[in-house]
Amino acid sequence: MVQYDFDHLADRKIDNARKWDYGIVKGKFPNVRADFIPLWIADMDFKAAPEIRAALSTMAVNGAYGYTYPTERWYQSVIQWQAEQHHNHVEKEWLTLGYGTVPNMHVLIQAMLKPGDSILLNTPVYGPFDYAAEHNGIDVVEVPLLKKGPRYYLDWDGLELAMKEQHPKILFFCSPHNPSGRVWTKAELEHVAALCLQYHVLMVSDEVHSEHIMTGEFTSALQLPEKYLQNLVMFTSPNKAFNLGGLKLSYSIIPNAEIRALFRQQYERNSVTSPNVPGQIAMTVAYEKCGEWLRQCEAYIRENLRITQTYIEKDFPGWELMDMDSSYLPWVDVSASGIDMHEIAQVMAEDAGVVVGIGDDYVANADHFLRLNLGTSHAVIDDAMQRMATTWQKMNVNK
């Protein structure tokens, strides 16, 4: 079996990575250390799987980058991947190739809603859910998740009340949850789906973070009974799994023919036609040939999580690491420290030279949270945690 190398990272200057750009980071933290380590923005520093790089190299050397189409090979790679990875049965006609999960949210809202309508969110949640509504003149109904220790739970009474009284048309449901990495059980998914069906709310399941599972087992919404599938839109992509976000390609799975037709009509109105050439090639090869790379990447990130947990438990009083069932992006509650998350992020950037994410990016109910990024080498994580531990000790001494 091939052993993949995750210790030697890609040169992120070549791909103009936002998170590594000094000018962009200085725009956030003017006094950031020049030797900063970026633990923000949800992409990884690993080189893509060699099979993907080889396919893209062949395409690049060939020299033609013209208009293309969703190939039969692409369709079959997705169908096979969903069956093998998630035990999902997917029909070819359910699939629509798109330019990204966030653009798909915008397209769906444009296709299904009108000004004055609303969407429903369980907060905190991925910020672009909210932006998709805001950019299209749609209202947002928020139902906060219930935090019990290091874990979130759905507020069933609040969810049903919001559906019953405020009549949202769409629920954008993050599965697994972003930002915490919480994996919902099949029973929880079915409860959500039942409420959506009862109150005529379209359930939209964003399953982009479903590939990196740290613990437990992920259940896709496509595993639900048939009656719920007719009220379901599923968005996903290989972008988080295989670090392909910059190639701007994703897909939707929509079993309901009427909803699917409305969605595709909006694509036509927006003149979204030919797919991204390298994106389709990379996705197809990832799904056909890179399952072992993903398993090894997952194991590598799991060790980064262990390193991070050890540091937080030992050196970060006042920090609570939320249970991270999935993804590579730990969500940390700093409320017990008594120090504002903005101050922590600023001092970490300036003194430790570590740039972290903050709760402002997650719509609501995230006023005391930081987000880290483990999609890098063990050495980088160890260096970052050592730096932050030293800075945190000074911050606590000076309180």
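## Cis peptide bonds

Pro 176 is found in the loop that runs between strand E7 (170–174) and helix H7 (186–198), where helices (H or I, at least four residues) and strands (E, at least two) are DSSP runs numbered from the N terminus. The peptide bond leading from Ser 175 to Pro 176 is cis, with omega near 0 degrees. This is a predicted model, in which local features need pLDDT of at least 70 and side-chain atom pairs count only at pLDDT 80 or more, while totals for chains, interfaces and linings use all residues. Residues are numbered from 1 along each chain as its sequence is written, and side-chain values use heavy atoms, with hydrogens and water left out.

A cis peptide bond, again with omega near 0 degrees, also joins Thr 123 to Pro 124, and Pro 124 lies in the loop between strand E3 (118–123) and helix H5 (127–134). As background, most peptide bonds are trans, and most residues other than glycine have a negative phi.

## Positive phi angles

Ile 41, although not a glycine, has a positive phi of about 60 degrees; its place is in the loop between strand E1 (37–39) and helix H2 (50–62). His 87, which is not a glycine either, has a positive phi of about 60 degrees and is placed in the loop between helix H3 (72–86) and strand E2 (95–98). The relative accessible area of His 87 is 58%, so His 87 is exposed, on a scale where buried means under 20% relative accessible area, exposed over 50% and partly exposed in between (1.4 Å probe, protein chains only).

Thr 219 has its place in the loop between E8 and helix H8 (226–229), and because its relative accessibility is 16%, Thr 219 counts as buried. When its neighbours within four places in sequence are left aside, Thr 219 is in contact (heavy atoms within 4.5 Å) with Ser 175, Lys 186 and Leu 189.

## Packing of H4 against H10

Helix H4 (residues 101–112) packs with helix H10 (residues 257–269) at an angle of about 110 degrees, their axes lying 8 Å apart; such axes are lines fitted to C-alpha atoms, for helices over the stretch in contact, and angles run from 0 to 180 degrees between N-to-C directions. H4 is therefore roughly perpendicular to H10, given that angles under 35 degrees count as roughly parallel, over 145 as roughly antiparallel, 65 to 115 as roughly perpendicular and the rest as oblique.

On the H4 side the contact is made by Asn 104, Val 107, Leu 108, Gln 110, Ala 111 and Met 112, and on the H10 side by Ile 259, Leu 262, Phe 263, Gln 266 and Tyr 267. These residues divide into 8 nonpolar, 3 polar and no charged, where Ala, Val, Leu, Ile, Met, Phe, Trp, Tyr, Cys and Pro count as nonpolar, Asp, Glu, Lys and Arg as charged, and the others, Gly among them, as polar.

## Thr 236 in strand E9

Thr 236, found in strand E9 (residues 232–236), is buried, with a relative accessible area of 1%. Its side chain reaches the backbone oxygen of Glu 207 at 3.3 Å. Beyond its neighbours within four places in sequence, Thr 236 is in contact with Gln 82, Thr 101, Glu 207, Val 208, Ser 250 and Tyr 251.

Val 332 belongs to strand E12 (residues 331–333) and, at 0% relative accessibility, counts as buried. Leaving aside neighbours within four places in sequence, the contacts of Val 332 are Ile 312, Trp 319, Glu 320, Leu 321, His 368, Phe 369, Leu 370 and Leu 372. Ile 312 is 20 residues from Val 332 along the chain, and their C-alpha atoms are separated by 9.5 Å.

Glu 320, in strand E11 (residues 320–321), is partly exposed, with a relative accessible area of 28%. Glu 320 and Val 332 are 12 residues apart in sequence and 5.6 Å apart in space, C-alpha to C-alpha. With neighbours within four places in sequence left aside, Glu 320 is in contact with Lys 147, Gly 149, Pro 150, Trp 331, Val 332 and Asp 333.

## Domains

The chain is divided into domain 1 (18–48 + 290–398) and domain 2 (52–288), with bounds that come from an automatic or database domain assignment. The C-alpha centres of domain 1 and domain 2 lie 26 Å apart, and the contact takes 36 residues from domain 1 and 39 residues from domain 2.

Terms used:
A polar contact is a pair of N or O atoms within 3.5 Å; within protein, one must be able to donate a hydrogen and the other to accept it, and residues adjacent in sequence count only if both atoms are side-chain atoms.
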